[in-house]
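Hi,

Here is the structure I said I'd pass on.

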Amino acid sequence: MNQPRIVVAAMAVISLAGGAIRPAWAIAAPYAQMAPLNRYLMPNRQREIDLARSAAPPSISRRATVLVLDAHGYSTAEEGTNGFTCVVERSWTKSFDDDNFWNPKVRAPVCYNAAASQSVLRYTVFRTALVLAGASEAQILARLKQAIAAGRLPTPPNGNVAYMMSKQGYIDDHVKAWYPHLMFYAPKSAGANAGESWGADRRGSPVVYDAGHAINPEPWACFFVPVGHWSDGSAGPPT
Amino acid sequence: MKTIACALLAGGLASCAAASAQTAPASAYPTMAPVEKYLMPAATEIAMARSAGPASVSARAEVLVLTKNGYVVAAKGDNGWVCWVERMWTAGLDDPEFWNPKGHGPTCFNPPAVRSVLPQYLARTKWALEGDTREQIAKKARAAYADRQFSDPAPDSFAFMMSKQGYLNDQIKGPWHSHVMPFIAYDQVATWAAGFEGSPILVPPLSTFRRYEPLTIFIPVHRWSDGTVDP
């Protein structure tokens, strides 16, 4: 089996094929710093709502809360009733050291379940607030570590799941939308030995773990399971 | 909510006949068959067990095989995983094929599942081989939950069921699809949106499960453990 080249997604992921080492093509660092803010924003609010909802099948996303980003941060565009929250994440939710960390083209639609909405999503909002306040990548990392150490950000409880099944997403310049997939947030310790307890990144395994994730201070290991269909029901690319 | 119409060994063994039943329906397998009918040659069973996961995982896993006295370790492992071939009594306690001797579900449990789920299935096996009825097994499982000897699956518990081999029930008459199988608490089904229309997370017929047993959900994946495509 060809191991999917993960260079995925929401919250922090990204690096190459489980390697923590920055790939050679990243040396050019085409996105060395933040672009003008308006390049990260979507002027059409409804398009952002629709894009956020495309992260999961309509049976889930149509009843989800939707957040949209403006110059002041994320805010609720539509209230949901099922506990899920759908949002279009931007590049700064990637791993620190990722060569696309400031890529303004990144649009990563994701729908978090209720547990993840109360925990994982708060890290996205936290990072975003720092970005909008003008923090550099190094400053975001430092402030994130401080907040976690001070207990100002939650440790995810059990059962954190996210859907990333949008065909329209743009995760980065390398993988575009990647594969439709589910994301599972496990305790950080699950990342030991490159995610061995999940059988991740082993030849033939359907579970993907980005070891580059270890560089992030977020208190979890995130695993990906590519699935067969996009949220609109069309077939995903073969893995 | 969409369920797998006919489903899997309890792991992933569960059958569709009970999908809408409130109580266990009449079964073609009302009682346990002679124990010999559940057994197979050890070498065959070892190979089948390992086929549940990619070789990169299963080759280093511990392997259990079933004997007249219960499961025994046939091969030591060193990665914390355990591969084995489930029998139908690991299906839901109200599954009508609970005693179907043809059921074989090759599966590889990850370490959290080894700690929290496997002991429950091994206990069921012991009770079955001691001659307990399905209801007696259910009663013991409930008691074990009540006194906290058993519990809901540990977080991050899951299994690989990626074998082309196996026989999950009389409706499927084979291995179903290659899949990853998280174990979750009964009440977590909705919080994962498992079984929702279009969700890639599928659920077995919930009516075949009781709240005091591990619940499994299914995420089909693209390839079998041997690397071939599951169409």
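At roughly what angle do the axes of helix 4 and helix 5 of chain B cross? Before the answer, bear in mind that this is a predicted model. The crossing is at roughly 140°, and the two axes, those of residues 118-129 and residues 134-146 of chain B, come within 10 Å. Angles over 145 would count as roughly antiparallel, so at that value helix 4 of chain B is oblique to helix 5 of chain B. The crossing itself is right-handed. On the helix 4 side of chain B, the contact is built from Arg124(B), Trp127(B) and Ala128(B), while helix 5 of chain B brings Gln136(B), Ile137(B) and Lys140(B). Sorted by class, that contact has three nonpolar, one polar and two charged residues.

Helix 4 (residues 120-132) of chain A packs against helix 5 (residues 137-149) of chain A at about 135°, with the axes 10 Å apart. These two helices of chain A are therefore oblique to each other, and helix 4 of chain A passes helix 5 of chain A in a right-handed crossing. From helix 4 of chain A come Phe126(A), Arg127(A), Leu130(A) and Val131(A), and they meet Gln139(A), Ile140(A), Arg143(A), Leu144(A) and Ala147(A) of helix 5 of chain A.

Chain A has an open sheet of eight strands with mixed pairing, in the order 2-1-3-4-5-6-8-7. Strand 2 (73-78) and strand 7 (208-209) of chain A each have a single partner strand, so each is left with one side lacking a neighbour in the sheet. Inside the order, strand 3 (residues 85-89) and strand 4 (residues 108-112) of chain A pair antiparallel over five bridges, and Val88(A) stands opposite Pro109(A) of strand 4 of chain A. Helix 4 of chain A packs on this sheet, where the strands it touches include strand 1 (65-70) and strand 5 (160-164) of chain A, and its direction makes about 130° with that of strand 2 of chain A.

Last, the interface. Here 34 residues of chain A are in contact with 30 residues of chain B. Among the elements of chain A that each supply at least two residues to this side are helix 3 (114-117) and strand 8 (221-226). Helix 2 of chain A gives the most, with three residues. The chain A side divides into 17 nonpolar, 14 polar and three charged residues.

Cheers

Key. Residues are numbered from 1 along each chain as its sequence is written. Chains are lettered from A and ligands numbered from 1 in the order in which they are written. This is a predicted model: local features need pLDDT of at least 70, side-chain atom pairs count only at pLDDT 80 or more; totals for chains, interfaces and linings use all residues. Axes are lines fitted to C-alpha atoms, for helices over the stretch in contact, and angles run from 0 to 180 degrees between N-to-C directions. Helices (H or I, at least four residues) and strands (E, at least two) are DSSP runs, numbered from the N terminus. Angles under 35 degrees count as roughly parallel, over 145 as roughly antiparallel, 65 to 115 as roughly perpendicular and the rest as oblique. A crossing is left-handed if the near helix is turned anticlockwise from the far one by less than a right angle, and right-handed if clockwise. Two residues are in contact if their C-beta atoms, placed from the backbone, lie within 7 Å. Ala, Val, Leu, Ile, Met, Phe, Trp, Tyr, Cys and Pro count as nonpolar, Asp, Glu, Lys and Arg as charged, and the others, Gly among them, as polar. Two strands pair if DSSP finds at least two bridges between them.
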